[in-house]
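Please look over the notes below with the model open.

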Amino acid sequence: MKSCFPEVLEEVIRRSADECFRDSGVTLPPLSAPSQLQTDDSHVAGLIDLTGQIEGSLMLVSTFDLIAKMRLSGIAPACLSKSRAGDWILIRDSAGELTNQFVGRMKNRLRGFGIRFNVGTPIALSGLALKGLAHKYGGGRTAAFGRGPDVVRIAIKMMADPPLTSMEPQAESPEMPREGGILLL
Amino acid sequence: MINKVLVVDDSSSIRQRVSSVLGEAGFEVVGAVDGFDALAKLKEANGVRLVIADINMPRLNGLQMISKIQSDEKTAGIPILVLTTEGDPDLISEARKLGVKAWMVKPFKPEVLVAAVKKLTGG
């Protein structure tokens, strides 16, 4: 039984990340969360606005190499090169899509706690654009997952904690599809 | 005749992956980056047998686009499969009212997508 929203959010982030990364073919255990999102030229990120009972935004940062390993576009990592601008565009887009899928899982899990919010379209970032924004996410809620050089960092900036109507997740209708599932209408 | 599928998603990674999976299964895939692009592609590309659509997209979102497809007599009969991260019952209910045939939650399993596309295209 959770006692407050930060505990619920922490658990939802951990579970959503674990499932999201596993579905992308990698296992990344939790790490101690950094207070700052530090980035360099190897990093790519997705940024998504959240509105409704959660107001704010979420940034997910990782590296070109790790996003390539996740094969979100279906292209093998060996076929992607940091020296090709087109590959950076694809990997940046994949980071945006990974962020989208992670936030989607968070949204679907938090609905069970009575929390509803809307998700914007992801913005994909790298280079100076990322550097300029990442430092603004210091001091917010952060989480990190990884092994060796393969690390994903997540930071959420929120205006305020939403009200919790339930401390335990309420069961969804069995008709609702889970990630990877299909519902014929 | 090869079945033609229109994939509408603002993510190039998803368009690439869906194209690859459906291409291997023998489908011809046309991509569109948002709802407006999709409506234009539907006019240009003859013989689209299925639309696979994301929900959260810039400019014209998935449900707005589906409403326009269904209200145009030239495209109203094309089956639509939604492929999204959303699992919100209210959105699914709205999609059902608009005539959407199937709702998939990302990430998709290739075999599930191919089976659904075959079922909906009769191919």
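1. Start with the salt bridge between Arg116(A) and Asp90(B). Its closest N and O atoms are 3.9 Å apart. The cut-off is 4 Å. Bear in mind that this is a predicted model. In total, four salt bridges are counted between chain B and chain A.

2. The rule finds 14 residue pairs in polar contact across the interface of chain B and chain A, with both residues at pLDDT 80 or more.

3. Which elements of chain B supply the side that touches chain A? Helices α1 (12-24), α4 (89-97) and α5 (110-121) and strand β5 (102-105) each give at least two residues. The largest share comes from α1(B), with five residues. By type, the residues on this side of chain B are 13 nonpolar, seven polar and 10 charged.

4. Now the extent of the interface. On chain B, 30 residues are in contact with 33 residues of chain A. The area buried between the two chains is about 2700 Å². Carbon and sulfur atoms give 54% of that area. Three residues deserve a look here: Ser13(B), Thr85(B) and Pro107(B). Together they supply 20% of the area that chain B buries against chain A, more than any other three residues.

5. Strand pairing also crosses between the chains. Strand β8 of chain A, residues 182-184, is joined to β5(B) by three bridges. The two strands run antiparallel. Within this pairing, Leu183(A) has Trp103(B) as its bridge partner.

6. Check the peptide bond between Lys106(B) and Pro107(B). This bond is cis, with omega about 0°. Most peptide bonds are trans. Pro107(B) sits in the loop between β5 and α5 of chain B. Pro107(B) is also one of the three residues named above for buried area.

7. Two arginines need a backbone check. Most residues other than glycine have a negative phi. Arg71(A) has a positive phi of about 55°. Its place is the loop between α2 (64-70) and α3 (85-110) of chain A. Arg59(B) likewise has a positive phi, about 65°. Arg59(B) lies in the loop between β3 (48-53) and α3 (62-71) of chain B.

8. Are these two arginines buried or exposed? Arg71(A) is partly exposed, at a relative accessible area of 42%. Arg59(B) is exposed, at 62%. The cut-off for exposed is over 50%, so Arg59(B) at 62% passes it, whereas Arg71(A) at 42% is classed as partly exposed.

Terms used. Residues are numbered from 1 along each chain as its sequence is written. Chains are lettered from A and ligands numbered from 1 in the order in which they are written. This is a predicted model: local features need pLDDT of at least 70, side-chain atom pairs count only at pLDDT 80 or more; totals for chains, interfaces and linings use all residues. Side-chain values use heavy atoms; hydrogens and water are left out. Contact means heavy atoms within 4.5 Å. Buried area is the accessible area (1.4 Å probe) that two parts lose on being put together, summed over both. A salt bridge is a side-chain nitrogen of Lys or Arg within 4 Å of a carboxyl oxygen of Asp or Glu. A polar contact is a pair of N or O atoms within 3.5 Å; within protein, one must be able to donate a hydrogen and the other to accept it, and residues adjacent in sequence count only if both atoms are side-chain atoms. Helices (H or I, at least four residues) and strands (E, at least two) are DSSP runs, numbered from the N terminus. Ala, Val, Leu, Ile, Met, Phe, Trp, Tyr, Cys and Pro count as nonpolar, Asp, Glu, Lys and Arg as charged, and the others, Gly among them, as polar. Two strands pair if DSSP finds at least two bridges between them. Buried means under 20% relative accessible area, exposed over 50%, partly exposed in between (1.4 Å probe, protein chains only).
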